[in-house]
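Good morning, and thank you for coming.

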Amino acid sequence: MSKREKLRKERDYDAYVKQKTPKPTYLKNVIWAFCVGGLICVLGQFITNVFENMNMSEKDVSTARTIILIFLGAFFTGIGVYDKLGKRAGAGSIVPITGFANSIVAPAMEFKREGYIFGIGAKMFILAGPVLVYGFGSSVLVGLIYLLINK
Amino acid sequence: MEYIRAFVVGGVICIIGQLLIDGTKLTSAHVLVLFVTLGVVLTAIGVYEPIVKYGGAGATVPLPGFGYALAKGAIKGAKEGGILGAFTGGVESGAGGVAAAVVFGYLMAVIFNPKTKN
């Protein structure tokens, strides 16, 4: 096969791939993400209001709300509902804190057969690990920079 | 009214995430990491606090809100406890969520099995 022929074939193939790759349905995805993400936040607001009426401090309210939402995210992932929702909702189910719980439970369940240490114990952090590394890391950095500026 | 604000602010943050996933080469894992870090940075430069004031849970429930809690804790820690506080402050204010994620995540993974995909 001559070089030119080969190049032409490659170009044809690229065009073919481009044509066959499904285009993301932007508008539909955005509407789903907005509605589902928004509703999860409304649930969070409801939980916040309930605890605020119990005269808890702002910090305690925030911790309690996070714990409850994480429980719900983990539970609904366990019974298989959350991932079904996630197929349509996309970022609407990933970005809220319930999605963080989902990112722990889903791989942990998937790798259960590899055992309780290297299966569940290790794989539950396959996505949550990076989040904690960069979250904790940058927060310590912010604290140190704050000290430097205010010295 | 605060429910509507929470809905809109939370929804818009999710839209940004969706556009990043659909429009760029970033995966959902990238978006998770990016949003938490962004939450920390935006809080540090004072941009995220007003969003939280306006949107309530709409700003604190999405992952940048987790970053917001971390950064706020780190700054408060640094203010009160110097270098030690800078190290412990952020992790402390995220501790409840992380502990819950570990405990419930482990329990659910032990109890339930993945649903077979059709």
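I shall start with a figure for chain B. Taking the contacts in chain B between residues at least 6 apart in sequence, 57% join residues at least 24 apart. Please keep in mind that this is a predicted model.

Let me stay with chain B. Its secondary structure consists of 5 helices and 0 strands, so that line of the summary reads α-α-α-α-α along the sequence. The C-alpha atoms of chain B fill a box of roughly 55 × 35 × 35 Å along the principal axes. Of its 118 residues, 53% count as buried.

Helix H1 of chain B covers residues 2-23. How far does this helix reach from its first C-alpha to its last? The distance is 31 Å for 22 residues, close to the 32 Å expected at 1.5 Å a residue. Several residues of H1(B) are buried, including Phe7(B), Ile13(B), Cys14(B) and Ile21(B). Against what do the buried residues of H1(B) pack? Within chain B, the partners are H2, helix H3 (48-55), helix H4 (57-60) and H5. From chain A, the partners are H2 and H5.

I now turn to chain A. Here the secondary structure comes to 8 helices and 0 strands, and the pattern along the sequence is α-α-α-α-α-α-α-α. The C-alpha trace of chain A spans about 75 × 45 × 40 Å along its principal axes. Chain A has a radius of gyration of 22 Å, whereas a compact globule of 151 residues would have one near 15 Å. Of the 151 residues of chain A, 42% count as buried. For contacts in chain A with a separation of 6 or more, residues 24 or more positions apart account for 57%.

Next, the contact between the chains. Chain A contributes 62 residues to this contact, and chain B contributes 67 residues. On the side of chain A that touches chain B, at least two residues each come from helix H2 (26-53), helix H3 (58-78), helix H5 (91-94), helix H6 (97-110) and helix H8 (125-149). Which helix gives the most to that side? The answer is H8(A), with 16 residues. By type, the residues of this side of chain A divide into 41 nonpolar, 19 polar and 2 charged.

H8(A) therefore deserves a check of its length: its 25 residues should span 36 Å at 1.5 Å a residue, and the end C-alpha atoms are 34 Å apart, which agrees. Among the buried residues of H8(A) are Leu127(A), Val131(A), Ser138(A), Gly143(A) and Tyr146(A). The buried residues of H8(A) pack against H6 of chain A, and also against helix H2 (28-44) and H5 of chain B.

Finally, the nonpolar core. The largest one has 69 residues, and those with the most contacts inside it are Ala33(A), Ile70(A), Val105(A) and Leu32(B). Helix H5 of chain B (residues 63-111) supplies the largest share of this core, namely 15 residues. Which residues does Ile70(A) touch, leaving aside those up to four places away in sequence? In chain A, Ile70(A) touches Ile97(A), Phe100(A) and Ala101(A). In chain B, Ile70(A) touches Gly97(B), Ala100(B), Ala101(B) and Phe104(B).

Thank you for your attention.

Definitions and conventions. Residues numbered from 1 in each chain as written. Chains lettered and ligands numbered in written order. Predicted model: local features only at pLDDT ≥ 70, side-chain atom pairs only at ≥ 80, totals over all residues. Helix = DSSP H or I, 4+ residues; strand = E, 2+ residues; numbered from the N terminus. Rg over C-alpha atoms; globule rule 2.2 N^0.38 Å. Buried ≥ 20, exposed ≤ 12 C-beta atoms within 10 Å, placed from the backbone. Contact = placed C-beta atoms within 7 Å. Core = buried A, V, L, I, M, F, W, Y, C linked by C-beta atoms within 7 Å. Nonpolar A, V, L, I, M, F, W, Y, C, P; charged D, E, K, R; others polar. Expected span 1.5 Å × (residues − 1).
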